[in-house]
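Here are my notes on the charged pairs. Please read them with the structure open.

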Amino acid sequence: MNFSSDNIELFLAVLDRGSFSAAARALRRVPSAVSMGIANMEAELGFDLFDRSRREPVPTPLALAPHARAIAAQLKQLQIHAVELSQGLESTLSVGVAADINSAALLAAIRRLSERYSLLNVELLSAPRDDVLHMLHEQRIALGLVFGGLSVNSAEQLQLVGSNALVATLSPAHPAWRQTDGGLFIEDLVNVRQIVVASRDLPVSDQRPQVAAFFWQTDSLTAALSMVEAGLGWGNFPLSLTQPLLDSGRLVRLRFKNTHNALRLPMHLVWLKNRPLDRAARELVDLMQQSAGPA
């Protein structure tokens with residue numbers, strides 16, 4: 001037989017209320033209509049859903065109750081989601097995240113958002129900062145999480161949602177580390193190859209994290225950390241992401257003689273002013289803002 005939402009509702013009403021008459025009252029039907037509906041279902045299925053030999057109907061082992069409940073729950077979610085869509089909830093929320101940023105707060109906010117809207121589809125794209133902004137202006141994503149730059153684009157709307165401290169790190173096996181007493185001047189890094197996370201197609205718009213005169217690049221933070229750990233150069237990456245490698249001794253945090261080794265950069269959620277945010281995107285911004293606390 002072809003199950004319908006009405007069939008499932010009828011079956012579960014009898015199952016949960018314990019009698020045809022109680023189910024009829026809950027469904028605002030006459031008892032005979034409920035009894036006949038169950039009988040028609042049983043005839044099409046070819047087996048009994050309830051044992052009627054007792055005073056009240058008792059579900060048989062073949063009653064398919066777990067499956068019916070699961071389908072009913074899914075139908076309820078679908079109905080709720082349909083209402084949400086009609087009220088401005090987008091079907092898919094696309095977010096771009098700069099590859100060298102700590103996205104823990106964003107993921108926590110997305111988890112809370114998914115608890116509100118269980119059927120919302122979330123697309124999370126990781127790319128270098130300039131690629132994320134390019135995707136935003138191409139309208140491939142609704143929001144971008146990036147480090148704040150030196151310049152402000154008048155077409156973009158920004159919301160501060162935290163900050164990351166970038167620290168210069170190096171492999172303990174790198175010659176630049178072995179040749180020092182554990183401290184050096186920051187200008188000494190100008191002549192040491194730097195590993196940076198950058199777009200392969202777009203010019204780097206914010207060069208604050210770059211110190212060296214020459215560098216190798218990758219579009220992946222994981223690859224960049226591996227390159228630094230392999231002794232191919234030094235890197236300027238978020239402390240929160242490099243801390244496990246520092247704790248294990250696989251990387252060392254450089255100690256400068258003339259400045260502090262920490263470049264704190266603001267983290268911004270960015271969207272286009274001429275493209276109003278849909279419901280889930282707006283709520284994600286609010287959640288991130290709340291977790292960041294007062295500016």
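**Notes on the salt bridges**

1. Start with Glu-115 and Arg-111. They form a salt bridge, with the closest N and O atoms 3.0 Å apart. The model is predicted, so treat the distance as a computed value. Both residues sit in helix α5, which spans residues 104-116. They are four residues apart, about one turn of the helix.

2. Is this pair buried or exposed? Glu-115 counts as exposed because its relative accessibility is 57%, and the cut-off for exposed is over 50%. Arg-111 is partly exposed, at 47% relative accessible area.

3. Next comes Glu-283 with Arg-116. Their salt bridge has its closest N and O atoms 2.5 Å apart. This pair links distant parts of the chain. Glu-283 belongs to helix α10 (residues 279-292), Arg-116 to helix α5, and 167 residues separate them.

4. Glu-283 counts as buried, because its relative accessibility of 17% is under the 20% cut-off. Arg-116 has 41% relative accessibility and counts as partly exposed.

5. Asp-206 and Arg-208 also pair up. Their side chains meet in a salt bridge at 2.6 Å, N to O. Asp-206 is buried, with 9% relative accessible area. Arg-208 is partly exposed, at 29% relative accessibility.

6. Which residues are joined into one network? Arg-116, Arg-279 and Glu-283 are, through salt bridges that share partners.

7. For the overall count, the structure holds seven salt bridges. Among them are Glu-115 with Arg-111, Glu-283 with Arg-116, and Asp-206 with Arg-208.

Technical notes
Residues numbered from 1 in each chain as written. Predicted model: local features only at pLDDT ≥ 70, side-chain atom pairs only at ≥ 80, totals over all residues. Heavy atoms only, no water. Salt bridge = Lys/Arg side-chain N within 4 Å of Asp/Glu carboxyl O. Helix = DSSP H or I, 4+ residues; strand = E, 2+ residues; numbered from the N terminus. Buried < 20%, exposed > 50% of the residue type's maximum accessible area, 1.4 Å probe, protein only.
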